[in-house]
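Student: Could you take me through some labels and the rules behind them?
Tutor: Gladly. Here is the model.
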Amino acid sequence: MSTSPGSAKKRKASDMADTESDSHRRLENPASPKPRSIMHLPPELVNQILDHLIPNLPEIGEPAPEAFDKLVRQDPWYDFTRRRSALRNLCLVSHFFADLARPYLYHTIAITSEEVLVLLFRTITENPEYCGWTRSLSCHLTLTNSRVVRKTKRCLNKLLPAWREGKGLVFITGYLESLQMRRASTDPDEYYEMAQGIFGMTITALYSLETLLLQLPAIEHDRDYFELISCLRITMSYFNTEAGEKCRSGYLSILPQHVRSMIPDRLESAALTPFQHLTTLLLQGDPSVEDPTRIDDDDTDDGDPPEVFGVQTRHYHPLFELLPALTTLEVSTDDGLFTFLDGEEDLTDVLARPVTSFHLSPTKHVYLHSSVADPRNIGRILRHAPDLETLYMQPRRVDSFHRIPPQDATQADEDCLDQALNKYGKKLKHLDLNWFDCQGSEASIGVGGRLSTLPQLKEVERLCIQLVMLYGDLPAGEHMMQQRPVVDLLPPNLVELTLEDWWWDSLDDFDTFYRWPDGQKETHYREKKEYRETVLDMIKGLGSVSGRNAKPGRDGEHKMHKLKRFRFFIRTLPTWLPVDDESPDVQELFEGVREGFEKAGVEFVVDVDQPLEMEEEMQ
């Protein structure tokens, strides 16, 4: 029986339909895995995925990018912007994804422009429920800079008319009303503090904040944040806490009547009290400002060194008093002073009492980046923070500590670093200090420019120190190195140790070595042969009593038995870098030393510093 072409086509189509239906039935088989979307995943798994999108802020000292769309992968802000962009795009997918991603979007925020500052303030006033999400906030604006003040006012005038007020904190509502009244003013005194006020209200509302980076003025042209500190103390008086009551009682007696009337009797909820969780404070000197202390050799108008510039950390002690949980303080580009000078203007209008020092009693970790603090001021930090466990300082190059007149190095200054370590450094676990030049001010370190207290610091586990601070400057330091084993000059329970090969008279060679002719380099290298042998013997002696080689001392106490890593950092380049190919290179010189440390179970590392000028010449 024949079939028509039409019936054959129908049968073929029917067979294809059966095949497709079979595949659907196979997918619907309970034993087969079903395709799932992110909405079907367990909430804890979704949270883990979104955790990986939370950005990390760039390190302290990084300026805000000028154009986000031109960032390259190596840029410090590249990863930050891409992660935030991914979270923002998730919020635009659907209401479901917005509810998931929005808390992560507001977890870490960077204020990189005046518009971002105003928009963030508007967001938290219109949506107070967002305030508990933010854990890290950074402000990369100098809030007293005239350009920043003008741009903030323009952004405010643009956005404020359409502001939608939410049911938030009482003091923010009152501040919004004052902004409405002042936004049309052309008097600079009327709107000068707007940027500080908006930022102050913002961080006060973010009651779960844990990390705050605040960019501060580094030059006198931009005034300090007196208005910001005043704003924070006024808002704290709204809360029923010990700090709030202290602010309230201190302020009511000195505030003008029209300001005093703004503080209501009703106090905000203690659960919303700001700064109770803020553990890390980063004070960043404006990185866009050029350091005027770095002068050229030709700039010798009158022979006087220029005024040191930088963040005046001591002026922000009222801020420290508002942070009961502060454990870590980082400062970049400070001015080197941590106590008030005689006759120096203070925040008397804020505190209503003269202040000569400040306290960091809960602080355990202090990091100073690009600092010009001299040894005496480092000791004063120890006095301000008696519970300090970490003290780190990376120096900024200046020609001299011109505030300190030359002193007799055989006598210790009554306020020297060595005495401060003896009195206040017993809880230190990590100590990292170095300077370029302390000639003439050795007494601010200790007797003979040495830190003789180090062996008494039994809690120190990580130490980075220069040879000159152990033995004193050359040539006496080299003779003492031959007489005193370095193990007797160090804390006994070290786990990691870095010794820097640096002496105060090394600075000229450090600056000019890359310009030396080969003949001068060869002569210097030969002259330093005995010094190299002395250093190698000193390090070999350390390896013989470290790690598994450690033995009890005269009093029965072990020394260096915990040591796991030793690093020798060479900065005196002409002493260690040979010119000819016949002489052993740096790594070969230390080969025998390395073997001794390895047998003792201690990792041994030799690093060589290279000035930027030398790197550029070699390219």
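Tutor: This is a predicted model: local features need pLDDT of at least 70, side-chain atom pairs count only at pLDDT 80 or more, and totals for chains, interfaces and linings use all residues. Residues are numbered from 1 along each chain as its sequence is written, and side-chain values use heavy atoms, without hydrogens and water.

Student: Why is R83 called partly exposed?
Tutor: Buried means under 20% relative accessible area, exposed over 50%, and partly exposed in between (1.4 Å probe, protein chains only). R83 has 25% relative accessibility, so R83 counts as partly exposed.

Student: How do you know whether E500 is buried or exposed?
Tutor: E500 has 5% relative accessibility, so E500 counts as buried.

Student: What is the distance between E500 and R571 in their salt bridge?
Tutor: Their closest N and O atoms are 3.5 Å apart. E500 lies in strand β10 (residues 496-501) and R571 in the loop between β11 (565-570) and α22 (573-576), so the pair ties together parts that are 71 residues apart in sequence. Salt bridges with shared partners join E500, R571 and D609 into one network.

Student: How many salt bridges are found in the whole structure?
Tutor: The search finds 15.

Notes:
A salt bridge is a side-chain nitrogen of Lys or Arg within 4 Å of a carboxyl oxygen of Asp or Glu. Helices (H or I, at least four residues) and strands (E, at least two) are DSSP runs, numbered from the N terminus.
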